[in-house]
Amino acid sequence: DPKHKEQITTAGVSAAKLAKTWSVLSGGFFQSNGLTTEVKGGKLIVRRQSTDEPVVLCEVDRVTLTPRKYLMLDDKGKTRFSLTLEDYQQYGPVVWPTRLTAVSENGAVEIELRDVQVNPELPANAFIPPRRAEKLP
């Protein structure tokens with residue numbers, strides 16, 4: 001529907017931001033430059049700090065080396081967003097959390113995953129757009 005073109009374009013920008021953030025929160029974080037670490041009991045605190053992005057901390061369980069919580073801080077050090085990762089399960093060679101809790105000043109979202117398939121084979125037509133799809137600029 002042409003009336004919704006602006007909404008779709010805006011959603012695309014939001015989706016791109018979400019994809020970038022998810023990339024950071026699902027492993028890309030540990031490939032960032034300039035990470036610093038600190039040991040606090042059974043946790044390893046990994047900090048990413050750069051001039052053009054918010055500070056992000058990741059609490060890593062030292063025994064299992066799994067990320068347990070991400071915190072995004074504002075320039076005053078106040079937590080603006082947190083993502084807690086719990087109930088890790090192993091799916092083939094991949095270990096993945098099955099309970100995720102995201103909290104911000106706008107509220108909280110809890111996600112529980114069941115019947116998880118990590119990197120399954122995709123059908124041949126998975127990336128063929130529907131006939132009515134319209135390419136946006």
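This note goes through the fold, the sheet and its hairpins, and the overall exposure of the protein.

1. Basis of the model. This is a predicted model, in which local features need pLDDT of at least 70 and side-chain atom pairs count only at pLDDT 80 or more, while totals for chains, interfaces and linings use all residues. Residues are numbered from 1 along each chain as its sequence is written, and side-chain values use heavy atoms, with hydrogens and water left out.

2. Overall fold. The secondary structure comes to one helix and seven strands, where helices (H or I, at least four residues) and strands (E, at least two) are DSSP runs numbered from the N terminus. Along the sequence, the elements follow the pattern α-β-β-β-β-β-β-β.

3. The sheet. The seven strands form an open sheet in the order β1-β2-β3-β4-β5-β6-β7, with antiparallel pairing; two strands count as paired if DSSP finds at least two bridges between them. Because β1 (36-40) and β7 (107-112) stand at the edges, each with a single partner strand, one side of each is left without a neighbour in the sheet. From one strand to the next, the twist averages 20°, taken between lines fitted to C-alpha atoms, with angles running from 0 to 180 degrees between N-to-C directions.

4. β4 and β5. Strand β4 (residues 66-73) pairs with strand β5 (residues 79-91) in the antiparallel sense over five bridges, and within this pair Met72 stands opposite Phe81 of β5. The hairpin of β4 and β5 has five residues between the strands, and Gly77 takes a positive phi near 90° there.

5. β5 and β6. The pairing of β5 with strand β6 (residues 94-104) is antiparallel and runs over ten bridges, with Pro97 in β6 as the bridge partner of Tyr88. Two residues lie between β5 and β6 in their hairpin, and Gly92 in the turn has a positive phi of about 65°.

6. β6 and β7. These strands also pair in the antiparallel sense, over six bridges, and the bridge partner of Val103 is Ala108 in β7.

7. Of the 137 residues, 20% count as buried, which is defined as under 20% relative accessible area with a 1.4 Å probe, protein chains only. Among contacts (heavy atoms within 4.5 Å) between residues at least 6 apart in sequence, 16% join residues at least 24 apart. The protein exposes about 10,700 Å², of which carbon and sulfur atoms supply 53%, the areas coming from the Shrake-Rupley method with a 1.4 Å probe.

Notes:
Buried means under 20% relative accessible area, exposed over 50%, partly exposed in between (1.4 Å probe, protein chains only).
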